[in-house]
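Reader: I would like to learn how to read aromatic pairs and the other features of a model. Please take me through them one at a time.

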Amino acid sequence: MRTQDSDVWFMCFNGNLEETLSEWLVIMPLPFISLRRITIAKIGIVVLFIAICAGFSYKNNVCKTWSDYTIKHVSDSCKYNPDVNANMISIVQRYNYKIQTHYVLTEDDYILTVFRIANSSSSFNSNRQPIFLQHGTICSSEIWLQRGEDSIGFHLANAGFDVWLGNTRGNYNSPGHKFYTTQDSKFWDHSFDELVLDIPAVVSYIGNKTGRTGDLLYVGHSIGSTQVLAYASERPDQAKKNLKAMILFAPAVYLDKQGFLVNLVALFPIMLASLPDRESLKPFVQYIQFADTAEFKKFDYGSKGNLKKYGTEKPPKYDLGKISVPVYTFIGTSDDLTPFSNAETFHKELTVYNEIYALQNYSHMAYFLDANAKEVLYKPFFNLLEKLGTKK
């Protein structure tokens, strides 16, 4: 874990929970959202806070089963992996790959760090098929390399792809802004809707840098998938210009309220203990709104706030029917956070060509941790790339 944050994460309860939460949010720092606005948001944030406090952390950071993570300080099934919580450069260099660091400015002035990797025999100047990997929430680009040489990022590089790895605004790799620092509350005042603005900035940059605008493959996990769905629905013409296909791992769109909250609480200690990064609180309020209403929509500020923000009492929905880039979704049959029915529901709204791939017995984080990834995930994934005419 990152030792500079360890003491903060153990500062949990201090009398009144809501007062403690607001103090903790300032320390982190994260924006304090009014918890009285939406009951389900208040409940969700409280349980999320409890889960976060439970998540950190012992020297062992890799376990064979999910249940082992709850006792990883004493479990013989857990071990130490130097790649967990290591930074991108150290991981890439440890396995003798090449890496470049790029900085991308968004339209609302955030500075994103994007990494580009290649195997030792490849050149960054060669004309290779570009592919962009976008992580999910409370993660970073390192998640795509967490399996060492068996990581999907390295497999893509070995297959001859021009591999780019993104980092969401505010995570440890992307702490920059033209006017604010991470100590400013305005830096953290962004919802999921603003996270979506990261996508056009990065995919346009990659197209310009590689000279292959419109040929980029987008691969996202969880909220990283949801971001590109929102982008492609809001700016369909621009997305079609920039992207060749969208490949989605466990996209979070239409969520079951009860199941989402229960499984979020169950999953967060594991994610934070093994894959921690930092994130604004406001997107989590919006994810809970997604689950509470079973709608894929913009942030709900309440009727008055919505009138001021959108000109309507209710926030507008993301219209998936406007997407004009082919969609290929991989979804686990054992994913209780974003279940298979979630994928089936949003795919029915798509008017563009689309496919769903069922991954047997796959949970939400199995894409990075499953010992059988070669057969269950990599085989259909690389077969899809070959079908798209992109495999090198």
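This is a predicted model: local features need pLDDT of at least 70, side-chain atom pairs count only at pLDDT 80 or more; totals for chains, interfaces and linings use all residues.

Reader: How many helices and strands does the chain have, and what share of its residues is buried?

Author: Helices (H or I, at least four residues) and strands (E, at least two) are DSSP runs numbered from the N terminus. The chain has 15 helices and 11 strands. Buried means under 20% relative accessible area, exposed over 50%, and partly exposed in between, with a 1.4 Å probe and protein chains only. Of the 392 residues, 60% are buried.

Reader: What describes a pair of aromatic rings?

Author: The distance of the centres and the angle of the planes describe such a pair. Rings of Phe, Tyr and Trp (its six-membered ring) pair if their centres lie within 6.5 Å; planes under 30 degrees apart are stacked, over 60 edge-to-face, and the rest tilted. There are 26 aromatic pairs in the structure. In one of them, Phe187 and Trp188 have ring centres 5.0 Å apart and planes at 70°, so the pair is edge-to-face. Phe187 is buried at 0% relative accessible area, and Trp188 is buried at 0%.

Author: Phe249 and Phe381 also make an edge-to-face pair, with 5.6 Å from centre to centre and 75° between the planes. Because Phe249 is in strand β9 (residues 243-249) and Phe381 in helix α15 (residues 373-387), this pair ties together parts 132 residues apart in sequence. Phe249 is buried at 1%, and Phe381 is buried at 0%. Both belong to one aromatic cluster, whose members include Trp144, Phe330 and Tyr357.

Reader: Which charged residue lies over the face of Tyr110?

Author: A charge sits over a ring if NZ of Lys or CZ of Arg is within 6 Å of the ring centre and within 35 degrees of the ring normal. Arg169 lies over the face of Tyr110, 4.0 Å from the ring centre.

Reader: Where is Glu349 found, and which residues does Glu349 touch?

Author: Glu349 is in the loop between α13 (340-347) and β11 (354-359), and is partly exposed at 33% relative accessibility. Contact means heavy atoms within 4.5 Å. Not counting residues up to four places away in sequence, Glu349 touches Tyr254, Leu320 and Gly321. Glu349 and Leu320 are 29 residues apart in sequence and 6.0 Å apart from C-alpha to C-alpha.

Conventions
Residues are numbered from 1 along each chain as its sequence is written. Side-chain values use heavy atoms; hydrogens and water are left out.
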